[in-house]
Amino acid sequence: MGTPRRRLSAALPALAAAGAIALPVLGGLVGTLLPAFGVLPAIGAEAPSLEQWRRLFAEPGIGRAALLSLSTGLAATALSLLSVALFCAAAHGSRGFARVQALALPVLATPHAALAIGLLFLIAPSGLLLRLLSPWATGFDLPPDIATVNDGLGLALLLGLVVKETPYLLLMTLAALNQVPAAQLLAVATSLGQPRPVAWLKAVFPLVYRQIRLPVFAVLAYSVGTVDVALILGPSAPPTLAPLLLRWATSPDLSLLLPASAGALLLLGVALAAAGVWIAGERAAATVGRAWAAGGRGIGAAAIRAGAALLPLSLLLAYCALAAVALWSVAGPWRFPDALPERLQGGTWAAQAPALAGPAVNSLVVALVATGIALVLAVAALEARARHGPAALPWLLRLSALPLLLPQAGFLLGLQAALLALGLEGGVAAVALAHLVFVMPYVLLSLSDAYAALDPRLPRVAACLGASPARVFLAVKLPLLLRPLLVAAAVGIAVSIAQYLPTLLAGGGRLATLTTEAVTLAAGGDRRVLGVVAVAQAAIPLLAFAAALLLPAAVWRRRAGLRA
Amino acid sequence: MTAPALGRRALAALVLPPLAARAEGDGWAGTLSRARGRTVAWHAWGGDERTNTFIAWVGQQVAARHGITLRHVRLRDTAEAVQRVLAEVSAGRREGGAVDMIWLNGPNFLALKQAGLLRRFADRLPNFALVDTVGKPATVTDFTVPVEGYAAPWRMARLVFIAEGRRVPDPPRDMPALLSWAGRNRGRFTHPHVRNFLGATFLKQALFELAPDRSVLARPADAAFDAAVAPLWSWYDALRPLLWRQGRVFPESGPAMRNLLNDGEIDIMLSFNPGEATASVTAGLLPASVRSFVPAIGSIGNASFVAIPLNASAPEAAEAVANFLLSPEAQARAEDPRHLGAPTVLDLSRLSPAERALFEAWPRGPEALAPDALGPALPEPHPSWMTRLTEAWERRVAA
C-alpha cells in the first residue's frame with residue numbers, strides 16, 4: 001500500500017467499474033432533476049418553475065397510478081420472499097430442494113417480457129388454462145367477461161412479478177445459505193425440539209435474510225418501476241406510474257417531458273416510500289419473529305409445509321407460460337375453447353425469420369458488448385482487491401447496487417436527455433452503455449462471491465512456489481473461476497436481453513431488439529408472431545446459461561478435483 | 001398531370017445527363033441516383049402483422065429497383081417518432097436524424113407540419129400524378145389540414161365494423177342502435193383505447209352522428225367543444241358499463257380487438273380497413289363466419305400518409321420509397337385483401353389498361369362488404385377534436 005501512485009493503480013480498476021455504473025446514474029438523476037423543476041434548455045424551458053408538478057397532479061388517475069406502483073411493488077416483493085422462505089424452510093436439505101434449484105435457473109434466465117407474454121397467453125380469459133378446462137368443466141363456450149389480465153387492481157401484474165422474481169430470490173437465498181452455518185443452526189434448533197421447518201425459519205432465515213437484503217430491495221425497486229411487465233399484464237386505465245411516464249416521455253408534445261421528469265421524481269419518491277414501508281415491516285417482523293423464536297414452541301410446521309407449495313406452483317406457472325408461447329409460435333388456427341390448435345405449422349417461424357434476424361443480432365451484439373466490458377471491469381476490480389486488500393474496493397460493491405435500488409425510469413429519462421445532448425444516443429454503443437449500468441452490478445455481485453469463496457491457500461501456495469501475481473491469476477485463479485466467470489457472463493447476457501426501457505430510451509426507438517419487438521407486439525399483435533418473438537427472446541439467455549453450465553463440465557473432465 | 005405527360009417527364013429524366021452536383025434541378029433521376037445505396041429508417045406503427053409484412057415486401061422491391069435498404073422501425077405509437085424528430089431538432093441536430101420517413105396522419109402530421117419540420121416532396125413525386133385528389137379529397141386534406149405536399153398518401157382508410165355473423169345476424173347500423181344492442185348483449189362489444197387512432201375514430205364517428213351541429217367539427221375545437229360533445233358523453237356514459245370488462249379495460253389496438261373477436265370474447269370489432277375481414281379470414285386470424293358492416297350514415301374515412309422530416313438522413317431515398325408506395329404495383333398489392341386489403345389512393349382511370357388489370361376483382365367472400373355497400377366517407381374533424389376528445393375521455397375513464 002506504499003506510494004500514492006501505487007494506491008492509484010490499485011484503485012483504478014474499481015474506479016473504472018464504479019464510473020461505468022455511477023456516471024450514467026448520477027448524470028441521469030441530474031437530467032431528471034432539472035426538468036422536474038422546469039429547466040430543460042433544449043425545449044426552451046430555462047426558468048425554474050413548478051408548473052409541471054401542477055400538470056402532473058392534474059393528470060387523471062395519477063394518485064391511483066402511484067398507489068398501484070407502491071402496492072404491486074410491495075406485494076410482489078413480500079409474496080416472492082414469503083414463498084422462498086417457506087419453501088426453503090420446508091425443503092432445505094431434501095432431495096427435491098436441489099431439483100427445484102435447477103428448475104429455477106431457466107426461469108431466472110427468461111426475460112421478463114417473454115415470461116409476461118407467456119402468462120398472458122396462459123391466464124387470459126381466452127387463455128390456455130381456460131381452454132383446457134372449457135367447456136367440459138366450466139361450461140364456457142365463450143370466454144368469460146372477467147379481467148384476469150390487465151385488471152384494475154394490478155393482480156395479473158403482481159402475479160407476473162412474483163413468478164419472475166421468486167427464482168431470483170431463491171437463487172440468492174441458496175447462495176446465502178452457503179455463507180451461514182445452516183446445518184449447525186438447524187441441528188441446534190431441532191435438538192431443542194423444534195420441527196425442522198420451524199427451526200429453519202427461526203434460526204436460519206434471520207441470518208439468510210441479512211445476506212439477501214440487497215436483492216430483496218432490488219426486487220422492490222424493480223417491481224415498483226417495471227415498465228415492460230406492466231405494459232403487458234398491468235392495468236391500463238390508469239396504468240402504474242412508470243408506463244404513464246413513458247407515455248409522456250414519448251409524446252409528440254415535447255413540453256410533456258417536464259411533467260414526465262417530475263413524474264420520474266415522484267416514482268423515485270414512491271420507491272423510497274416502498275423501501276420505508278419495507279424497513280418498517282422488517283422491524284415489525286423482527287419483533288414478532290423474535291417473540292416467536294423465543295417462545296420456543298414449535299407451532300406452525302403444518303402451515304409452513306402448506307405455504308411451501310407456493311414456490312413450486314410459481315415455477316410451474318412459469319414453465320406453463322413458456323410452453324404457451326412455444327405452442328402459439330407453431331399454432332395454426334386456434335379458436336376458443338379448443339384445447340389445442342387445429343394444426344401445428346412452422347410457417348410463422350419461416351415468415352418471421354427475415355424480419356427478426358436484425359433485432360436478434362442487435363440483441364446479441366448489445367448483450368455481448370455490455371457483458372464483455374462488465375466482465376473485464378469486474379475481474380480487474382476484484383483482482384485489485386485481492387492483491388491490494390479491501391482498500392482498493394472500499395465502496396464499489398455498495399455503489400454498484402445503486403442502479404438496482406432505483407426504479408429504472410427514475411434516471412433513464414434523464415440519461416436519454418444527457419445522451420441526446422452529447423450526441424451519443426441512438427446507436428449500439430449508447431444502448432450497450434445503458435445496459436452496462438444494469439449488467440455491471442449483477443456481474444460484479446455474481447463474481448465477487450466466487451472471488452471471496454476462492455480458497456486462499458491455492459494462490460498462496462502458488463505464490464510461495466514463486467509464481468508472479470499475473471501467473472497466479474492466469475494459471476490458478478482463472479481456471480478455478482471458469483465456472484463463475486461463465487455463469488457471470490450468462491447472467492450478464494440474461495440481464496441485457498431482458499432490458500426494455502434502457503433499450504427504448506438510449507436507443508432512441510431506433511435500435512430494434514427482440515425485447516422491444518416483443519413488447520410492441522404484445523399490444524395486440526398476432527399471437528403466433530408474438531409467440532415466435534418471445535421464444536426467440538427467451539432462447540438467447542437460456543442458451544447462454546446452458547453453455548455456462550455445460551462448458552466447465554467438458555473442460556473439467558481432466559480436473560475432477562476442481563469441482564469441489 | 002395526365003399519363004402521357006408523366007411519360008414525357010420520365011423520358012426527360014432519362015435523357016438528361018446525370019448531374020453530379022446536388023442541385024435541385026437534376027430531377028427525379030438525380031433523386032434516384034442519390035437514393036441508391038442509402039438506408040431509409042421508416043418509422044411505422046408495428047402493431048399490425050399484415051402491414052409489417054407489406055412493408056417488408058416494399059423493402060425487397062426498393063432494394064431490387066433502387067438499391068435502397070428499407071428498415072422498418074416498428075413503433076408502439078406513432079407519436080414516438082414525432083417526439084424523436086422534435087427532440088433531435090431541439091437538440092440542434094438539423095441533419096442526419098434518426099427518422100427518414102414516418103407513417104402518420106392527423107395530430108401527428110399537424111404537430112410536425114406546424115413546427116415546420118417536414119420536407120415538401122409529395123407533389124414532386126412522379127407517381128403523385130396518379131393520385132385521385134378529387135374523388136378522394138382526404139389525399140390532399142388531412143383532418144381538414146391542407147397537406148400541401150408535406151406528406152404523400154399511400155393507403156385509404158375507412159372505419160368499418162366486423163361482427164361475428166352467427167351471433168349478430170342483424171347488426172346495429174347507428175349509435176343508438178349500437179347502445180340498445182349492447183344492452184341486450186352485455187360485455188360483447190368494446191372499442192380500442194382512445195389513445196389508439198381506431199379508438200379515437202370510434203368516438204369521432206359517434207360524435208359525427210350525435211353532435212347537434214356538425215359544422216363546428218371542421219374548425220379547431222374551441223368554446224364549441226363542450227356543447228358539441230355533450231350528447232356524445234351522455235350516450236357514452238350509458239354505453240360504457242355495457243362494454244367488455246364493464247368499460248374498465250380497453251384493447252390497445254385494432255389487432256388486439258381482432259384477437260378478442262377471434263377468441264369469442266366480443267362479437268363486434270372495428271377496423272380502419274374495408275378489406276380487413278377478408279384479409280383476416282384468409283390469414284386464419286378471424287373465423288369465416290364474420291360479416292362486415294358500416295353505419296347507415298356512412299363512416300369516417302381518411303388517408304394514411306408518409307412524411308419525411310427535414311433532418312432525415314436519407315431524404316432522397318425516402319422520396320423514392322414514397323414514390324414506389326404510389327406505384328400501381330404497390331397500390332394493387334396493398335388493395336389485395338390477401339395481403340393488406342387497404343383501398344388504393346390512385347385514380348384507376350389514370351392508369352394504363354395493363355396497370356389497371358393489376359387491380360382485378362379480388363376474391364371477395366361473404367365476410368366482405370359489397371363494393372357499393374361501403375357508403376359515403378365522412379370527413380375527419382380538425383385534429384384538435386381528436387386531441388381534446390382523447391383528453392376528455394381519459395379524464396372520464398380514469399376518474
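Predicted model: local features only at pLDDT ≥ 70, side-chain atom pairs only at ≥ 80, totals over all residues.
Helix 3 of chain A is mostly covered, with 21 of its 30 residues buried. Just after this helix, A:Gly93 takes a positive phi of about 95°.

What does helix 3 of chain A meet in helix 7 of chain A? First look at how the two helices lie. Helix 7 of chain A spans residues 155-177, and its axis comes within 8 Å of the axis of helix 3 of chain A. The two axes cross at roughly 45°. Helix 3 of chain A passes helix 7 of chain A in a right-handed crossing.

Now for the residues. On the side of helix 3 of chain A, those in the contact include A:Thr72, A:Ala75, A:Ala76, A:Leu79 and A:Val84. On the side of helix 7 of chain A, they include A:Leu158, A:Leu161, A:Val162, A:Glu165 and A:Leu169. The residues of this contact divide into 12 nonpolar, 5 polar and 1 charged. An α-helix has 3.6 residues a turn, so residues three or four places apart point the same way.

Helix 4 of chain A, residues 95-109, packs with helix 14 of chain A at an angle of about 45°. Their axes are 10 Å apart. That angle makes helix 4 of chain A oblique to helix 14 of chain A. Here the crossing is left-handed. A:Val100, A:Leu103, A:Ala104 and A:Val107 in helix 4 of chain A meet A:Pro312, A:Leu315 and A:Ala318 in helix 14 of chain A. How many residues of each class does this contact have? It has 7 nonpolar, no polar and no charged residues.

Helix 11 of chain A, residues 241-249, is mostly covered too, with 8 of its 9 residues buried. Among the buried ones are A:Leu241, A:Pro243, A:Leu246 and A:Trp248. What do the buried residues of helix 11 of chain A pack against? Their partners are helix 3, helix 9, helix 10, helix 12 and helix 18 of chain A.

Helix 18 of chain A, residues 408-421, holds A:Leu419. Is A:Leu419 buried or exposed? It has 28 other C-beta atoms within 10 Å. The cut-off for a buried residue is 20 or more, so A:Leu419 is buried. Leave aside its neighbours within four places in sequence, and A:Leu419 is in contact with A:Leu424, A:Glu425, A:Ala430 and A:Ala506. A:Ala534 is 115 residues from A:Leu419 in sequence and 29 Å from it in space, C-alpha to C-alpha.

Next, look at the backbone. Most residues other than glycine have a negative phi, and most peptide bonds are trans. The peptide bond from A:Ser134 to A:Pro135 is cis, with omega near -5°. A:Pro135 lies in the loop between helix 6 and helix 7 of chain A. Another cis peptide bond joins A:Phe336 and A:Pro337, with omega about 0°. A:Pro337 sits in the loop between helix 14 and helix 15 of chain A.

Chain B has residues with a positive phi. B:Phe143 is not a glycine, yet its phi is about 55°. B:Phe143 lies in the loop between strand 4 and strand 5 of chain B. It counts as buried, because it has 23 C-beta neighbours inside 10 Å. B:Thr144 is found in the loop between strand 4 and strand 5 of chain B. Its phi is near 70°. B:Thr144 is partly exposed, with 17 other C-beta atoms within 10 Å.

Finally, see where the chains touch. The contact takes 47 residues from chain B and 40 residues from chain A. Several elements of chain B each supply at least two residues, including helix 3, strand 2 and helix 5. Which element of chain B gives the most? Helix 4 of chain B does, with 8 residues. By class, the side of chain B that touches chain A has 21 nonpolar, 13 polar and 13 charged residues.

Notes: Residues numbered from 1 in each chain as written. Chains lettered and ligands numbered in written order. Buried ≥ 20, exposed ≤ 12 C-beta atoms within 10 Å, placed from the backbone. Helix = DSSP H or I, 4+ residues; strand = E, 2+ residues; numbered from the N terminus. Axes fitted to C-alpha atoms, helices over the stretch in contact; angles between N-to-C directions. Left-handed = near helix turned anticlockwise from the far one by under 90°. Contact = placed C-beta atoms within 7 Å. Nonpolar A, V, L, I, M, F, W, Y, C, P; charged D, E, K, R; others polar. Parallel < 35°, antiparallel > 145°, perpendicular 65-115°, else oblique.
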